[in-house]
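Student: Could we go through this model together? I would like to begin with the strands and then turn to the core.

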Amino acid sequence: MSDIFIHPTAVIDEGCQIGEGTAIWHFSHLMPCQIGKNCVIGQNVFVGRDVIIGNNVKIQNNVSVYAGVTCEDDVFLGPSMVFTNVINPRSAVDRKHEFKPTLVKRGATIGANATILCGIVIGQYAFIGAGAVVTRDVKPYALVVGNPARQTGWVSEYGIKLHFDSNGIAICPESKEKYCLNSQTQEVTKISIND
């Protein structure tokens, strides 16, 4: 663990697996969980038991990642965003056996102060706007905002809003990568340069 940075105030429970190149900052607490390579765990972050965090994930300050959450590679979790893991919590009722899994797929961004209800899948490269309350699955490349969150468009892998032409084609102005919107399935895919 020589190339892992752990701030002296962080608490790392026995059984926690941490990948090389990862930095864990002030006052964070990691229960036995799996953290990938080259991650940044910000200040005052809690990562619960059996959580899986992929490679190159950035978890900003004041985020709690509870049991049942999996974040694939390249996920961004904005400051003070919130995951849940029980649909109907009550202090006096033990519902630990009712935890619902949440999956955040590769490259997705969850904005500051967003709330993610448990039991859903956030598609790859989806973008959840700041303060959104997500209550259902989010499609890959979808842009969702509001309370409850509603889809308002599509974004590229660079996080740039896509504008599709009459043929359902959009080009990211930053990366120049091309995307196709299927009018029947209402799903976006990235097109390879050779297509």
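Tutor: Two strands count as paired if DSSP finds at least two bridges between them, and strands are DSSP runs of E with at least two residues, numbered from the N terminus. The model is predicted, so local features need pLDDT of at least 70 and side-chain atom pairs count only at pLDDT 80 or more, whereas totals for chains, interfaces and linings use all residues. Residues are numbered from 1 along each chain as its sequence is written, and side-chain values use heavy atoms, with hydrogens and water left out.

Student: How many bridges join β9 to β12?

Tutor: Strand β9 (residues 52-53) runs parallel to β12 (residues 69-71), and 2 bridges join them. Threonine 70 in β12 stands opposite isoleucine 52.

Student: What is the strand order in the open sheet?

Tutor: The order is β3-β6-β9-β12-β15-β18, 6 strands with parallel pairing. At the edges are β3 (17-18) and β18 (121-122), each pairing on one side only.

Student: And in which sense do β21 and β22 pair?

Tutor: Strands β21 (residues 142-145) and β22 (residues 150-154) are antiparallel, with 4 bridges. Alanine 142 has tryptophan 154 as its bridge partner. The two strands form a hairpin with 4 residues between them, and glycine 146 in the turn has a positive phi of about 95°.

Student: Turning to the core, which residues have the most contacts inside the largest one?

Tutor: They are Leu77, Phe83, Ile110, Ile122 and Ile128, in a nonpolar core of 48 residues. Such a core is a set of buried (under 20% relative accessible area, 1.4 Å probe, protein chains only) Ala, Val, Leu, Ile, Met, Phe, Trp, Tyr and Cys residues joined through side-chain atoms within 4.5 Å.

Notes: Buried < 20%, exposed > 50% of the residue type's maximum accessible area, 1.4 Å probe, protein only.
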